Amino acid sequence: LIWRQQLLAGDAWNMACFIGGGANCPEEDGPDLDIGAATIVWQGDDSNLLFVGQKSGDVYGLELDQKGRVRWNRKIGRGGFAGGIHWGMATNGSTLFAPIADTDFLGLSKGDVFPGLHALDPLTGETLWYNRAHDSCPEDAKPACDPGMSAAPTATRDLVFAGGFDGLLRAYDSDNGEILWQFNTFDAFVAVNGDK
């Protein structure tokens, strides 16, 4: 172990806390804002950074050559157990792309939500653009259908692909966040065997 960094104290939690009365639920009982996403190592001209996304809605740029010292921290979402940066981020080398879920299936979280895709400057964490994911879910499909983006996106030099809990897969222009196309996967499809 070369170094370690704790970004949020007092957040011990596991599924025993969710089901209530579980013997393995730690005393802290969450609020379950851990780091569920893979981290990203980024090499700039004069900086080696580690990007960390947290379910609290925070994104961090940690300095690898300075034992994980926090270079920048940007809060871009409300967060929650299925909120904030849930499963991952992406970079194309010049921009860091962070999807925000801010999903609250149980109705326990408070505050404004920021579902959608955020583009951040890797050196400063400053927001370059943000494209909010709007709620297009039918009422009878909620709360499972939600505009939040939980999955890790995929980025190329020119494009970013990101999907949401609403079933929409979107292709964004990496320079400005414009949605170039979207495809609704929340539909019935005929399988190769003829079944729906």
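This briefing walks through some side-chain contacts, salt bridges, a sheet and a surface patch. The model is predicted, so local features need pLDDT of at least 70, side-chain atom pairs count only at pLDDT 80 or more, and totals for chains, interfaces and linings use all residues. Residues are numbered from 1 along each chain as its sequence is written, and side-chain values use heavy atoms, with hydrogens and water left out.

- Serine 150 sits in the loop between strand S8 (127-132) and strand S9 (154-155); strands here are DSSP E runs of at least two residues, helices are H or I runs of at least four, and both are numbered from the N terminus.
- With a relative accessible area of 6%, serine 150 is buried (buried means under 20%, exposed over 50%, partly exposed in between, with a 1.4 Å probe and protein chains only).
- Its side chain has a polar contact of 2.5 Å with the side chain of histidine 86. A polar contact is a pair of N or O atoms within 3.5 Å; within protein, one must be able to donate a hydrogen and the other to accept it, and residues adjacent in sequence count only if both atoms are side-chain atoms.
- Beyond four places away in sequence, serine 150 touches His86, Trp87, Gly88, Ala101, Gly163 and Phe165, where contact means heavy atoms within 4.5 Å.
- Threonine 103 is in another loop, the one between strand S6 (96-100) and strand S7 (116-120), and is buried at 1% relative accessible area.
- The side chains of threonine 103 and aspartate 146 make a polar contact of 3.0 Å.
- Setting aside neighbours within four places in sequence, threonine 103 has contacts including Arg78, Ala82, Gly148 and Phe165.

**Salt bridges**

- The count comes to ten salt bridges, each being a side-chain nitrogen of Lys or Arg within 4 Å of a carboxyl oxygen of Asp or Glu.
- Aspartate 58 and lysine 75 form one of them, at 3.9 Å from N to O. Aspartate 58 is in strand S3 (residues 58-63) and lysine 75 in strand S4 (residues 69-75), so this pair ties together parts that are 17 residues apart in sequence.
- Aspartate 58 is buried, at 11% relative accessible area.
- Lysine 142 and glutamate 139 meet at 3.0 Å, N to O; lysine 142 is partly exposed at 30%, and glutamate 139 is exposed at 63%.
- Arginine 157 pairs with aspartate 158 at 3.5 Å, N to O. Here arginine 157 is exposed at 66%, while aspartate 158 is partly exposed at 40%.
- Asp32, Asp34 and Lys55 are linked in a salt-bridge network.

**The four-stranded sheet**

- Four strands make an open sheet in the order S5-S6-S7-S8, with antiparallel pairing (two strands pair if DSSP finds at least two bridges between them).
- The edges are strand S5 (90-91) and S8, each of which pairs on one side only.
- S6 and S7 run antiparallel and are joined by five bridges.
- Leucine 96 stands opposite leucine 120 in S7.

**A nonpolar surface patch**

- Met15, Phe18, Ile19, Leu106 and Leu108 make a nonpolar surface patch of about 560 Å².
- Patches take residues with over 30% relative accessible area and no salt bridge, joining like charges within 9 Å and nonpolar side chains (Val, Leu, Ile, Met, Phe, Trp, Tyr) within 5 Å. Areas come from the Shrake-Rupley method with a 1.4 Å probe, and for residues only the protein chains shown count as cover.
- Methionine 15 belongs to helix H1 (residues 15-19) and counts as exposed, at 51% relative accessibility.
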